[in-house]
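Colleague: I would like to go through this model with you, one question at a time. Please show it first.

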Amino acid sequence: MKNRYSALALAQHALTGKRWSRAWRAAAPRPDYDVVIIGGGGHGLATAYYLAANHGIRRVAVLERAYIGSGNVGRNTTLIRSNYMMAGNTQFFEHSLKLWEGLSHELNFNVMVSQRGQVVLAHGPSQFDVLARRGNIMRLNGIDAELLERGELMRLLPYLDYSDSCRFPIYGGLLQRRAGTVRHDAVAWGYARAADDCGVDIIENCEVTGFVREHDCINGVVTSRGTIGAGRTVISVAGHSSQVAALAGLRLPVESHLLQAFVTEPIKPFVDHVISFGAELFYISQSDKGGLVFGGHIDGFNSYTQRGQFAKVQNVAECAVALIPSISRLRLLRHWAGIQDMTPDGSPFMGRTPLANLYLNGGWCYQGFKATPAAGWCMAHTVAHGEEHPLVRHLSLDRFLQGNGHDEYGHGNWTYKQ
Amino acid sequence: MLIIHCPHCGDRDYTEFRYGGDASKRRPAHGSGDLRAWHDHVFLFDNPKGAHREYWQHVLGCRQWLVAERNTATNEAGRTRLARDGEAP
(Lines give C-alpha, C1' and ligand atoms only; values in the text may rest on other atoms or scores of the structure.)
Protein backbone atom coordinates (compact mmCIF):
# COMPACT_ATOMS: atom_id res chain seq x y z
CA MET A 1 0.00 0.00 0.00
CA LYS A 2 1.43 3.32 -1.08
CA ASN A 3 0.96 5.01 2.26
CA ARG A 4 0.60 2.25 4.83
CA TYR A 5 -0.63 3.29 8.26
CA SER A 6 1.30 1.94 11.26
CA ALA A 7 2.69 3.10 14.59
CA LEU A 8 6.12 3.39 12.94
CA ALA A 9 4.75 5.52 10.08
CA LEU A 10 2.97 7.74 12.60
CA ALA A 11 6.23 8.29 14.52
CA GLN A 12 8.19 8.98 11.31
CA HIS A 13 5.66 11.53 10.12
CA ALA A 14 5.60 13.19 13.55
CA LEU A 15 9.40 13.47 13.71
CA THR A 16 10.09 14.48 10.12
CA GLY A 17 7.03 16.65 9.53
CA LYS A 18 6.31 14.71 6.34
CA ARG A 19 2.77 15.25 5.08
CA TRP A 20 0.36 12.37 4.63
CA SER A 21 -0.78 11.84 1.05
CA ARG A 22 -4.46 11.79 0.08
CA ALA A 23 -6.29 8.65 1.22
CA TRP A 24 -7.75 8.30 -2.29
CA ARG A 25 -7.19 10.08 -5.61
CA ALA A 26 -9.63 12.67 -6.96
CA ALA A 27 -10.26 10.57 -10.06
CA ALA A 28 -11.76 11.95 -13.27
CA PRO A 29 -14.06 9.63 -15.23
CA ARG A 30 -12.50 7.55 -18.03
CA PRO A 31 -14.54 6.72 -21.18
CA ASP A 32 -15.39 3.21 -20.01
CA TYR A 33 -14.97 0.64 -17.24
CA ASP A 34 -15.57 -3.06 -16.70
CA VAL A 35 -17.88 -2.22 -13.80
CA VAL A 36 -19.54 1.07 -12.85
CA ILE A 37 -21.03 1.28 -9.35
CA ILE A 38 -23.63 4.01 -8.81
CA GLY A 39 -23.41 5.20 -5.21
CA GLY A 40 -20.28 5.82 -3.14
CA GLY A 41 -21.75 4.70 0.16
CA GLY A 42 -20.46 1.87 2.32
CA HIS A 43 -22.03 -0.81 0.11
CA GLY A 44 -20.80 0.65 -3.19
CA LEU A 45 -17.27 1.13 -1.93
CA ALA A 46 -17.19 -2.34 -0.37
CA THR A 47 -18.43 -3.83 -3.65
CA ALA A 48 -15.66 -2.03 -5.53
CA TYR A 49 -13.02 -3.15 -3.04
CA TYR A 50 -14.03 -6.84 -3.15
CA LEU A 51 -14.35 -6.78 -6.96
CA ALA A 52 -10.67 -5.80 -7.06
CA ALA A 53 -9.41 -7.75 -4.05
CA ASN A 54 -11.36 -11.02 -4.48
CA HIS A 55 -11.98 -11.16 -8.22
CA GLY A 56 -9.14 -9.16 -9.80
CA ILE A 57 -11.56 -6.77 -11.55
CA ARG A 58 -9.81 -3.42 -11.22
CA ARG A 59 -11.26 -1.31 -14.06
CA VAL A 60 -14.00 -0.18 -11.71
CA ALA A 61 -15.53 3.26 -11.07
CA VAL A 62 -17.60 4.31 -8.07
CA LEU A 63 -19.83 7.29 -8.92
CA GLU A 64 -20.93 9.42 -5.97
CA ARG A 65 -23.41 12.27 -6.40
CA ALA A 66 -22.05 14.23 -3.41
CA TYR A 67 -18.96 13.27 -1.42
CA ILE A 68 -17.80 10.03 0.22
CA GLY A 69 -19.47 9.59 3.61
CA SER A 70 -22.34 12.02 2.95
CA GLY A 71 -25.10 9.42 2.80
CA ASN A 72 -26.47 6.68 5.00
CA VAL A 73 -23.05 5.27 5.88
CA GLY A 74 -22.79 8.28 8.20
CA ARG A 75 -26.48 8.37 9.14
CA ASN A 76 -26.94 5.19 11.14
CA THR A 77 -26.50 4.06 14.74
CA THR A 78 -23.27 2.10 13.94
CA LEU A 79 -24.50 -1.27 15.26
CA ILE A 80 -23.25 -4.64 14.06
CA ARG A 81 -24.81 -7.96 15.08
CA SER A 82 -25.85 -11.32 13.63
CA ASN A 83 -28.80 -12.35 15.82
CA TYR A 84 -31.24 -13.12 12.99
CA MET A 85 -33.49 -16.16 12.93
CA MET A 86 -34.66 -16.83 9.37
CA ALA A 87 -32.53 -19.15 7.28
CA GLY A 88 -30.66 -16.96 4.84
CA ASN A 89 -30.51 -13.94 7.15
CA THR A 90 -28.73 -15.91 9.88
CA GLN A 91 -25.88 -17.01 7.63
CA PHE A 92 -25.60 -13.76 5.69
CA PHE A 93 -25.32 -11.53 8.75
CA GLU A 94 -22.90 -13.94 10.45
CA HIS A 95 -20.69 -13.73 7.36
CA SER A 96 -20.89 -9.95 7.70
CA LEU A 97 -19.97 -10.03 11.40
CA LYS A 98 -16.96 -12.25 10.66
CA LEU A 99 -15.81 -9.77 8.02
CA TRP A 100 -16.26 -6.91 10.52
CA GLU A 101 -14.05 -8.76 12.99
CA GLY A 102 -11.10 -8.69 10.59
CA LEU A 103 -11.88 -5.48 8.73
CA SER A 104 -9.36 -3.10 10.33
CA HIS A 105 -6.50 -5.45 9.38
CA GLU A 106 -7.93 -6.16 5.94
CA LEU A 107 -8.20 -2.46 5.07
CA ASN A 108 -5.17 -1.21 7.08
CA PHE A 109 -7.58 1.34 8.53
CA ASN A 110 -8.86 1.38 12.10
CA VAL A 111 -12.64 1.16 11.82
CA MET A 112 -12.83 0.83 15.62
CA VAL A 113 -14.85 -2.39 15.83
CA SER A 114 -16.02 -2.62 19.44
CA GLN A 115 -17.58 -5.99 20.30
CA ARG A 116 -19.27 -4.77 23.45
CA GLY A 117 -22.23 -7.15 23.19
CA GLN A 118 -25.90 -6.58 22.43
CA VAL A 119 -28.82 -7.49 24.70
CA VAL A 120 -32.34 -7.85 23.31
CA LEU A 121 -34.87 -7.58 26.14
CA ALA A 122 -38.02 -9.63 26.72
CA HIS A 123 -40.86 -8.24 28.81
CA GLY A 124 -42.82 -11.41 29.40
CA PRO A 125 -42.59 -15.22 29.24
CA SER A 126 -43.87 -15.54 25.67
CA GLN A 127 -41.39 -12.98 24.38
CA PHE A 128 -38.67 -14.78 26.35
CA ASP A 129 -39.62 -18.05 24.62
CA VAL A 130 -39.29 -16.35 21.23
CA LEU A 131 -35.82 -15.12 22.19
CA ALA A 132 -34.88 -18.63 23.36
CA ARG A 133 -35.92 -19.99 19.98
CA ARG A 134 -33.94 -17.31 18.18
CA GLY A 135 -30.90 -18.04 20.37
CA ASN A 136 -31.15 -21.77 19.71
CA ILE A 137 -31.25 -21.22 15.95
CA MET A 138 -28.23 -18.93 16.20
CA ARG A 139 -26.29 -21.53 18.21
CA LEU A 140 -27.19 -24.28 15.74
CA ASN A 141 -25.57 -22.06 13.11
CA GLY A 142 -22.42 -21.66 15.21
CA ILE A 143 -23.27 -18.11 16.35
CA ASP A 144 -22.82 -17.08 19.98
CA ALA A 145 -26.02 -16.45 21.94
CA GLU A 146 -26.75 -16.49 25.67
CA LEU A 147 -30.19 -16.43 27.23
CA LEU A 148 -30.19 -14.29 30.37
CA GLU A 149 -32.81 -14.39 33.10
CA ARG A 150 -33.89 -11.34 35.04
CA GLY A 151 -31.38 -11.89 37.87
CA GLU A 152 -28.47 -12.17 35.42
CA LEU A 153 -29.61 -9.02 33.64
CA MET A 154 -29.76 -7.13 36.96
CA ARG A 155 -26.07 -7.92 37.47
CA LEU A 156 -25.05 -7.19 33.85
CA LEU A 157 -27.17 -4.04 33.31
CA PRO A 158 -27.94 -2.71 36.81
CA TYR A 159 -29.09 0.70 35.54
CA LEU A 160 -32.26 -0.51 33.78
CA ASP A 161 -35.67 -0.02 35.41
CA TYR A 162 -36.44 -3.24 37.32
CA SER A 163 -39.10 -1.67 39.55
CA ASP A 164 -42.50 -3.29 40.02
CA SER A 165 -44.31 -0.20 38.80
CA CYS A 166 -42.77 0.07 35.33
CA ARG A 167 -45.08 -0.33 32.35
CA PHE A 168 -43.04 -3.11 30.70
CA PRO A 169 -41.26 -5.15 33.42
CA ILE A 170 -38.02 -6.75 32.29
CA TYR A 171 -38.31 -10.53 32.20
CA GLY A 172 -35.09 -11.63 30.52
CA GLY A 173 -32.93 -11.12 27.47
CA LEU A 174 -30.76 -12.58 24.73
CA LEU A 175 -27.10 -11.57 24.66
CA GLN A 176 -24.80 -11.76 21.67
CA ARG A 177 -21.34 -10.90 23.01
CA ARG A 178 -19.76 -10.55 19.53
CA ALA A 179 -22.21 -7.81 18.53
CA GLY A 180 -21.23 -4.19 19.01
CA THR A 181 -20.48 -0.93 17.24
CA VAL A 182 -18.14 0.38 14.54
CA ARG A 183 -17.00 3.90 13.70
CA HIS A 184 -19.16 4.38 10.61
CA ASP A 185 -17.25 7.21 8.85
CA ALA A 186 -14.08 5.13 9.03
CA VAL A 187 -15.87 2.33 7.16
CA ALA A 188 -16.46 4.62 4.18
CA TRP A 189 -12.95 6.06 4.31
CA GLY A 190 -11.29 2.68 4.85
CA TYR A 191 -13.07 0.99 1.95
CA ALA A 192 -12.52 4.04 -0.30
CA ARG A 193 -8.79 4.10 0.45
CA ALA A 194 -8.36 0.34 0.03
CA ALA A 195 -10.37 0.28 -3.22
CA ASP A 196 -8.42 3.24 -4.60
CA ASP A 197 -5.21 1.41 -3.78
CA CYS A 198 -6.40 -1.50 -5.96
CA GLY A 199 -6.91 0.90 -8.89
CA VAL A 200 -10.62 1.70 -8.45
CA ASP A 201 -11.61 5.23 -9.57
CA ILE A 202 -13.68 7.00 -6.93
CA ILE A 203 -15.47 9.86 -8.69
CA GLU A 204 -17.21 12.32 -6.39
CA ASN A 205 -19.67 15.08 -7.41
CA CYS A 206 -20.82 12.88 -10.28
CA GLU A 207 -24.59 12.39 -10.51
CA VAL A 208 -26.10 9.71 -12.71
CA THR A 209 -28.90 11.18 -14.84
CA GLY A 210 -29.62 8.31 -17.19
CA PHE A 211 -28.56 4.97 -18.63
CA VAL A 212 -27.10 3.97 -21.98
CA ARG A 213 -29.63 1.37 -23.03
CA GLU A 214 -29.76 -0.85 -26.08
CA HIS A 215 -32.94 -2.95 -26.15
CA ASP A 216 -32.91 -4.76 -22.79
CA CYS A 217 -29.22 -4.27 -22.10
CA ILE A 218 -27.51 -1.51 -20.09
CA ASN A 219 -24.15 -0.50 -21.57
CA GLY A 220 -23.26 2.54 -19.48
CA VAL A 221 -24.46 5.57 -17.60
CA VAL A 222 -25.09 9.22 -18.46
CA THR A 223 -23.73 11.46 -15.72
CA SER A 224 -23.27 15.12 -14.87
CA ARG A 225 -19.63 14.57 -15.91
CA GLY A 226 -20.31 12.89 -19.24
CA THR A 227 -21.30 9.48 -20.56
CA ILE A 228 -19.38 6.51 -19.16
CA GLY A 229 -19.42 3.09 -20.78
CA ALA A 230 -19.80 0.08 -18.47
CA GLY A 231 -19.56 -3.66 -19.00
CA ARG A 232 -21.72 -4.09 -15.91
CA THR A 233 -23.54 -1.49 -13.81
CA VAL A 234 -24.53 -1.76 -10.15
CA ILE A 235 -27.21 0.42 -8.49
CA SER A 236 -26.22 0.82 -4.84
CA VAL A 237 -27.89 4.04 -3.73
CA ALA A 238 -29.87 3.20 -0.55
CA GLY A 239 -32.92 5.48 -0.17
CA HIS A 240 -32.88 6.56 -3.82
CA SER A 241 -33.07 3.05 -5.38
CA SER A 242 -36.49 3.82 -6.88
CA GLN A 243 -35.26 7.09 -8.38
CA VAL A 244 -32.22 5.58 -10.09
CA ALA A 245 -34.02 2.40 -11.19
CA ALA A 246 -36.74 4.59 -12.75
CA LEU A 247 -34.06 6.08 -15.03
CA ALA A 248 -33.76 2.56 -16.47
CA GLY A 249 -37.54 2.18 -16.65
CA LEU A 250 -37.76 -0.20 -13.66
CA ARG A 251 -40.43 0.00 -10.95
CA LEU A 252 -39.25 -1.53 -7.66
CA PRO A 253 -40.99 -3.06 -4.63
CA VAL A 254 -39.51 -0.21 -2.57
CA GLU A 255 -40.75 2.88 -0.74
CA SER A 256 -38.44 5.49 0.79
CA HIS A 257 -38.96 6.22 4.48
CA LEU A 258 -37.21 8.25 7.16
CA LEU A 259 -35.39 6.71 10.09
CA GLN A 260 -34.20 9.05 12.82
CA ALA A 261 -31.30 8.68 15.22
CA PHE A 262 -30.29 10.78 18.21
CA VAL A 263 -27.24 11.59 20.33
CA THR A 264 -27.37 13.08 23.82
CA GLU A 265 -24.81 15.35 25.43
CA PRO A 266 -21.70 13.34 26.43
CA ILE A 267 -21.49 11.70 29.84
CA LYS A 268 -18.91 9.43 31.51
CA PRO A 269 -18.89 5.73 30.49
CA PHE A 270 -22.25 4.34 31.58
CA VAL A 271 -23.95 2.11 29.00
CA ASP A 272 -21.31 -0.46 28.06
CA HIS A 273 -23.50 -2.65 25.84
CA VAL A 274 -25.97 -2.17 23.02
CA ILE A 275 -29.47 -2.64 24.47
CA SER A 276 -32.66 -3.23 22.50
CA PHE A 277 -35.98 -2.54 24.18
CA GLY A 278 -38.49 -5.36 23.69
CA ALA A 279 -41.70 -3.34 24.03
CA GLU A 280 -41.01 -0.89 21.20
CA LEU A 281 -38.49 -0.60 18.41
CA PHE A 282 -35.85 1.28 20.39
CA TYR A 283 -32.17 0.70 21.04
CA ILE A 284 -29.39 2.48 22.85
CA SER A 285 -25.60 2.45 23.01
CA GLN A 286 -22.91 4.88 24.13
CA SER A 287 -20.45 6.35 21.68
CA ASP A 288 -16.73 6.66 22.37
CA LYS A 289 -17.25 10.41 22.81
CA GLY A 290 -19.72 9.69 25.63
CA GLY A 291 -23.02 10.56 23.94
CA LEU A 292 -25.86 8.09 24.28
CA VAL A 293 -27.00 7.02 20.80
CA PHE A 294 -30.73 6.28 20.36
CA GLY A 295 -32.46 4.63 17.44
CA GLY A 296 -36.18 4.12 16.93
CA HIS A 297 -38.81 3.16 14.38
CA ILE A 298 -39.37 4.83 10.99
CA ASP A 299 -41.60 7.92 10.90
CA GLY A 300 -44.39 5.89 9.30
CA PHE A 301 -45.01 7.54 5.92
CA ASN A 302 -42.79 7.74 2.85
CA SER A 303 -40.61 10.85 2.54
CA TYR A 304 -37.31 12.03 1.07
CA THR A 305 -36.94 15.09 3.30
CA GLN A 306 -34.12 13.82 5.58
CA ARG A 307 -35.96 15.73 8.33
CA GLY A 308 -37.75 13.63 10.90
CA GLN A 309 -41.07 14.35 12.59
CA PHE A 310 -41.14 15.55 16.19
CA ALA A 311 -43.62 12.86 17.31
CA LYS A 312 -40.85 10.27 16.83
CA VAL A 313 -38.42 12.34 18.92
CA GLN A 314 -40.94 12.25 21.74
CA ASN A 315 -41.58 8.53 21.31
CA VAL A 316 -37.86 7.68 21.37
CA ALA A 317 -37.27 9.87 24.44
CA GLU A 318 -40.14 8.11 26.22
CA CYS A 319 -38.62 4.71 25.43
CA ALA A 320 -35.21 5.83 26.68
CA VAL A 321 -36.58 7.04 30.00
CA ALA A 322 -38.81 3.98 30.39
CA LEU A 323 -35.74 1.77 30.01
CA ILE A 324 -33.21 3.89 31.98
CA PRO A 325 -35.01 6.41 34.22
CA SER A 326 -31.73 7.94 35.43
CA ILE A 327 -31.07 9.58 32.04
CA SER A 328 -34.26 11.66 32.12
CA ARG A 329 -32.35 14.95 32.65
CA LEU A 330 -29.98 14.40 29.70
CA ARG A 331 -30.48 16.72 26.74
CA LEU A 332 -30.48 15.58 23.13
CA LEU A 333 -27.54 17.19 21.38
CA ARG A 334 -28.16 16.18 17.77
CA HIS A 335 -30.64 14.24 15.76
CA TRP A 336 -30.80 13.35 12.09
CA ALA A 337 -32.82 11.30 9.63
CA GLY A 338 -31.65 8.96 6.90
CA ILE A 339 -33.70 7.93 3.88
CA GLN A 340 -34.01 4.19 3.78
CA ASP A 341 -35.63 2.06 1.13
CA MET A 342 -38.30 -0.06 2.79
CA THR A 343 -39.54 -3.25 1.12
CA PRO A 344 -42.80 -5.21 1.48
CA ASP A 345 -41.13 -8.01 3.48
CA GLY A 346 -38.38 -6.09 5.29
CA SER A 347 -35.62 -7.85 3.33
CA PRO A 348 -33.28 -6.33 0.73
CA PHE A 349 -32.75 -7.06 -2.96
CA MET A 350 -29.38 -8.21 -4.22
CA GLY A 351 -28.62 -9.48 -7.68
CA ARG A 352 -29.66 -9.25 -11.28
CA THR A 353 -32.49 -7.12 -12.68
CA PRO A 354 -34.72 -7.73 -15.73
CA LEU A 355 -32.19 -5.69 -17.76
CA ALA A 356 -28.97 -7.40 -18.86
CA ASN A 357 -25.77 -6.16 -17.19
CA LEU A 358 -27.70 -4.11 -14.63
CA TYR A 359 -27.47 -5.22 -10.99
CA LEU A 360 -29.31 -3.94 -7.93
CA ASN A 361 -28.22 -3.78 -4.30
CA GLY A 362 -31.00 -2.02 -2.40
CA GLY A 363 -34.06 -2.25 -0.18
CA TRP A 364 -32.01 -2.56 3.00
CA CYS A 365 -34.64 -1.29 5.43
CA TYR A 366 -32.97 -1.04 8.86
CA GLN A 367 -30.16 -3.44 8.11
CA GLY A 368 -27.87 -1.66 5.68
CA PHE A 369 -24.97 -0.62 7.87
CA LYS A 370 -24.31 -3.93 9.64
CA ALA A 371 -24.54 -5.68 6.27
CA THR A 372 -21.91 -3.49 4.59
CA PRO A 373 -18.98 -5.95 4.32
CA ALA A 374 -21.07 -8.99 3.36
CA ALA A 375 -23.20 -6.96 0.94
CA GLY A 376 -20.05 -5.76 -0.80
CA TRP A 377 -18.57 -9.27 -0.72
CA CYS A 378 -21.68 -10.96 -2.18
CA MET A 379 -22.40 -8.18 -4.68
CA ALA A 380 -18.82 -8.37 -6.01
CA HIS A 381 -19.20 -12.14 -6.45
CA THR A 382 -22.59 -11.68 -8.14
CA VAL A 383 -21.27 -9.09 -10.60
CA ALA A 384 -18.05 -11.01 -11.30
CA HIS A 385 -19.85 -14.29 -12.02
CA GLY A 386 -23.10 -12.94 -13.47
CA GLU A 387 -24.96 -15.10 -10.95
CA GLU A 388 -26.05 -14.47 -7.35
CA HIS A 389 -23.74 -15.48 -4.50
CA PRO A 390 -25.22 -18.47 -2.58
CA LEU A 391 -25.71 -16.30 0.54
CA VAL A 392 -28.07 -13.91 -1.29
CA ARG A 393 -30.04 -16.18 -3.63
CA HIS A 394 -33.15 -15.67 -1.49
CA LEU A 395 -33.00 -11.89 -2.07
CA SER A 396 -33.95 -11.81 -5.76
CA LEU A 397 -35.98 -8.93 -7.15
CA ASP A 398 -38.76 -11.24 -8.42
CA ARG A 399 -39.26 -13.17 -5.17
CA PHE A 400 -42.79 -11.79 -4.61
CA LEU A 401 -43.83 -13.03 -8.03
CA GLN A 402 -42.54 -16.48 -7.01
CA GLY A 403 -44.32 -16.31 -3.63
CA ASN A 404 -40.98 -16.34 -1.81
CA GLY A 405 -41.16 -13.23 0.37
CA HIS A 406 -38.51 -13.27 3.10
CA ASP A 407 -40.24 -11.76 6.13
CA GLU A 408 -38.13 -12.07 9.28
CA TYR A 409 -40.73 -10.15 11.29
CA GLY A 410 -43.96 -11.29 9.62
CA HIS A 411 -45.56 -7.85 9.47
CA GLY A 412 -47.36 -8.35 6.17
CA ASN A 413 -46.67 -6.59 2.90
CA TRP A 414 -46.70 -2.96 4.12
CA THR A 415 -43.45 -1.09 3.65
CA TYR A 416 -44.29 1.36 6.41
CA LYS A 417 -44.97 -1.39 8.97
CA GLN A 418 -41.70 -3.32 8.59
CA MET B 1 -44.74 18.58 12.10
CA LEU B 2 -46.90 17.35 9.26
CA ILE B 3 -50.41 18.85 9.44
CA ILE B 4 -53.21 17.12 7.57
CA HIS B 5 -56.45 18.92 6.72
CA CYS B 6 -59.44 16.76 7.61
CA PRO B 7 -62.60 17.88 5.73
CA HIS B 8 -64.64 17.23 8.90
CA CYS B 9 -62.30 18.15 11.75
CA GLY B 10 -59.96 20.80 10.30
CA ASP B 11 -56.18 20.98 10.43
CA ARG B 12 -54.83 18.21 12.65
CA ASP B 13 -51.45 16.78 13.57
CA TYR B 14 -50.53 13.70 11.55
CA THR B 15 -50.22 11.64 14.77
CA GLU B 16 -54.05 11.60 14.91
CA PHE B 17 -54.06 9.65 11.65
CA ARG B 18 -53.15 6.17 10.49
CA TYR B 19 -51.18 6.03 7.25
CA GLY B 20 -52.66 3.91 4.48
CA GLY B 21 -50.12 4.10 1.68
CA ASP B 22 -50.19 5.10 -1.98
CA ALA B 23 -53.71 6.07 -3.12
CA SER B 24 -52.88 6.30 -6.82
CA LYS B 25 -52.84 2.53 -7.34
CA ARG B 26 -55.80 0.86 -9.04
CA ARG B 27 -56.71 -2.62 -7.87
CA PRO B 28 -57.19 -5.25 -10.59
CA ALA B 29 -60.78 -6.31 -11.12
CA HIS B 30 -62.17 -8.86 -8.64
CA GLY B 31 -61.81 -12.35 -10.06
CA SER B 32 -58.90 -11.33 -12.22
CA GLY B 33 -56.43 -14.19 -12.53
CA ASP B 34 -53.66 -11.98 -13.88
CA LEU B 35 -50.98 -12.68 -11.27
CA ARG B 36 -48.57 -10.12 -12.73
CA ALA B 37 -51.23 -7.40 -12.35
CA TRP B 38 -51.88 -8.40 -8.71
CA HIS B 39 -48.15 -8.55 -7.99
CA ASP B 40 -47.66 -5.07 -9.43
CA HIS B 41 -50.63 -3.73 -7.46
CA VAL B 42 -49.57 -5.18 -4.12
CA PHE B 43 -45.79 -5.01 -4.24
CA LEU B 44 -44.60 -2.30 -6.65
CA PHE B 45 -44.46 1.42 -5.88
CA ASP B 46 -43.88 4.54 -7.96
CA ASN B 47 -42.25 5.99 -4.80
CA PRO B 48 -42.04 9.48 -6.33
CA LYS B 49 -39.80 12.24 -5.03
CA GLY B 50 -42.41 14.96 -5.34
CA ALA B 51 -46.20 14.90 -5.64
CA HIS B 52 -47.79 11.88 -3.90
CA ARG B 53 -51.43 10.92 -3.33
CA GLU B 54 -51.97 8.84 -0.20
CA TYR B 55 -54.54 7.41 2.21
CA TRP B 56 -54.83 8.53 5.82
CA GLN B 57 -57.50 7.45 8.32
CA HIS B 58 -58.44 9.97 11.01
CA VAL B 59 -58.47 7.32 13.76
CA LEU B 60 -58.43 9.84 16.63
CA GLY B 61 -61.11 12.03 15.04
CA CYS B 62 -63.96 11.30 12.65
CA ARG B 63 -62.44 7.90 11.68
CA GLN B 64 -62.94 8.67 7.98
CA TRP B 65 -60.48 7.55 5.33
CA LEU B 66 -59.03 10.51 3.45
CA VAL B 67 -57.04 10.93 0.26
CA ALA B 68 -54.37 13.58 0.81
CA GLU B 69 -51.81 15.16 -1.48
CA ARG B 70 -48.30 15.68 -0.16
CA ASN B 71 -44.92 16.50 -1.66
CA THR B 72 -42.54 13.75 -0.49
CA ALA B 73 -39.49 15.95 -1.16
CA THR B 74 -40.66 18.71 1.19
CA ASN B 75 -43.58 17.19 3.18
CA GLU B 76 -45.68 20.14 2.04
CA ALA B 77 -49.33 19.11 2.38
CA GLY B 78 -51.81 19.74 -0.43
CA ARG B 79 -55.53 19.19 -0.89
CA THR B 80 -57.46 16.56 1.05
CA ARG B 81 -60.79 14.88 0.31
CA LEU B 82 -62.84 11.98 1.61
CA ALA B 83 -61.81 8.65 0.11
CA ARG B 84 -65.45 7.51 -0.15
CA ASP B 85 -66.12 10.28 -2.69
CA GLY B 86 -64.12 8.25 -5.20
CA GLU B 87 -62.03 9.78 -7.94
CA ALA B 88 -61.20 13.48 -7.61
CA PRO B 89 -62.73 15.71 -10.32
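Colleague: Which residue in strand 15 of chain A stands opposite Ser285(A)?

Modeller: This is a predicted model. In it, strand 14 (residues 283–286) and strand 15 (residues 292–302) of chain A pair in the antiparallel sense over four bridges. The residue of strand 15 of chain A that stands opposite Ser285(A) is Val293(A).

Colleague: Which are the edge strands of the open sheet in chain A?

Modeller: The sheet has eight strands with mixed pairing, in the order 5-6-4-13-14-15-12-16. From one strand to the next, the twist averages 25°. Pairing on one side only marks the edges, strand 5 (146–149) and strand 16 (332–342) of chain A.

Colleague: Are helix 2 and helix 9 of chain A parallel, perpendicular or oblique to each other?

Modeller: The axes of helix 2 (residues 42–55) and helix 9 (residues 368–385) of chain A come within 7 Å and cross at roughly 45°. Helix 2 of chain A passes helix 9 of chain A in a right-handed crossing. Their contact includes Tyr50(A) of helix 2 and Trp377(A) of helix 9. An angle between 35 and 65 degrees counts as oblique, so the relation of helix 2 to helix 9 of chain A is oblique.

Colleague: Which element of chain B supplies the largest share of the side that touches chain A?

Modeller: In this interface 17 residues of chain B are in contact with 23 residues of chain A. The chain B side divides into eight nonpolar, seven polar and two charged residues. The largest share, three residues, comes from helix 1 of chain B.

Definitions and conventions. Residues numbered from 1 in each chain as written. Chains lettered and ligands numbered in written order. Predicted model: local features only at pLDDT ≥ 70, side-chain atom pairs only at ≥ 80, totals over all residues. Contact = placed C-beta atoms within 7 Å. Helix = DSSP H or I, 4+ residues; strand = E, 2+ residues; numbered from the N terminus. Nonpolar A, V, L, I, M, F, W, Y, C, P; charged D, E, K, R; others polar. Axes fitted to C-alpha atoms, helices over the stretch in contact; angles between N-to-C directions. Parallel < 35°, antiparallel > 145°, perpendicular 65-115°, else oblique. Left-handed = near helix turned anticlockwise from the far one by under 90°. Pairing = 2+ DSSP bridges.
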